[in-house]
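Hi there,

Here is the structure I promised to pass on.

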Amino acid sequence: MRRLGILVAVLLLAGCGGGGTPDSGSTHGGRTQVVAGPLQVSNGPAQAADPGDRPLGLAVTGASDKIQVSFKHPPRSGLLFDLDTGAVLWRRQPDRVLPIASLTKMMTAILVVDRARPTAKVRVTKEALAYKGSAVGVLPKGKRIKLETMLNGLLLPSGNDAAIALAQRTSGTVAHFVERMNERAGDLGLSCTRFSSPDGFEDAGNHSCAIDLAEMSRALLDRPRLARIVKRRRAVLPFPIKGGRIYLFNNNPLLRTGYPGTIGVKTGYTDAAGRCLVAAARRNGRRLGVVLLHSPDPGKQATQLLNRGFALVP
């Protein structure tokens with residue numbers, strides 16, 4: 001069964017990206033597909049789920065964008081796009097392959113909700129408690145936690161401990177889960193994406209590009225369980241610790257500053273990846289998304305781009 005939506009022209013600009021290692025940037029493989037059809041459906045979950053078809057086809061055509069923005073310190077790569085039509089409004093080397101840090105967790109979350117029921121429980125393992133980097137931080141060893149609580153811990157404070165526990169719950173081992181992540185990336189046609197972990201903490205072998213991340217963000221937002229989580233500024237949930245509750249806060253700078261209409265999606269940071277952001281907002285019945293990789297100020301740059309984008313949308 002096909003997903004809702006169409007694949008429109010994907011013609012990568014000559015000279016974007018270039019050769020080299022993932023950290024230095026490489027091209028996206030020269031994907032070119034042209035299929036005529038109607039606009040992709042606005043503001044609603046796509047129909048379920050044949051993972052072999054893409055959730056969004058980006059119209060990366062021509063050399064001129066509708067929006068021209070000159071940043072003093074630009075991101076290494078970026079996109080401003082319409083989540084419903086696939087139109088690209090602004091781009092900067094969108095096919096450049098770069099490390100993506102915790103943006104990885106978008107795919108982790110997609111796999112988990114596709115394979116596990118909301119009523120499932122997740123055991124806190126010793127491997128989860130051996131995390132490095134950001135974490136929920138108060139997971140009690142051996143306890144079984146509600147899966148939806150762990151998803152909040154994965155996507156709001158970007159818990160690497162939650163990522164490991166969810167991967168083990170879903171596929172038995174972290175290694176098997178990573179295999180499934182790469183299989184799903186292949187099914188979706190995300191040709192510059194490769195995962196080496198469910199959390200993105202290690203940069204080696206874990207990379208993507210703005211084009212793929214835009215398509216991944218639409219896939220996440222098409223899953224209502226995840227869309228409800230990523231639009232939250234904070235969550236207060238029952239939890240088996242003293243006091244009986246856990247308080248989780250979203251790292252998304254647009255939600256933290258109250259940008260109107262923000263509906264998600266995910267932040268990321270490592271030294272190699274820099275500050276990364278995939279964000280989305282809704283205004284006047286339309287949804288725009290922005291991807292910024294290795295940005296000096298992703299919140300400010302995303303705000304500028306979204307403001308310019310919504311000024312073009314009736």
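Please keep in mind that this is a predicted model. I started with Thr270, which sits in strand β9, the run covering residues 262–270. With a relative accessibility of 9%, Thr270 falls under the 20% cut-off and so counts as buried.

Next, the aromatic rings. The search for ring pairs gave 1 aromatic pair. Its members are Phe71 and Trp90, with ring centres 6.0 Å apart and planes at 85 degrees; that angle is over the cut-off of 60, so the pair is edge-to-face. Phe71 belongs to the segment before β1 (77–82), while Trp90 is part of strand β2 (residues 88–92), so the pair ties together parts that lie 19 residues apart in sequence. Both Phe71 and Trp90 are buried.

How many residues of helix α3 are buried? Of the 9 residues in α3 (residues 147–155), 8 are buried, which leaves the helix mostly covered. The buried ones are Leu147, Thr149, Met150, Leu151, Asn152, Gly153, Leu154 and Leu155.

That is everything from my side for now.

Best wishes

Technical notes:
Residues are numbered from 1 along each chain as its sequence is written. This is a predicted model: local features need pLDDT of at least 70, side-chain atom pairs count only at pLDDT 80 or more; totals for chains, interfaces and linings use all residues. Side-chain values use heavy atoms; hydrogens and water are left out. Helices (H or I, at least four residues) and strands (E, at least two) are DSSP runs, numbered from the N terminus. Buried means under 20% relative accessible area, exposed over 50%, partly exposed in between (1.4 Å probe, protein chains only). Rings of Phe, Tyr and Trp (its six-membered ring) pair if their centres lie within 6.5 Å; planes under 30 degrees apart count as stacked, over 60 as edge-to-face and the rest as tilted.
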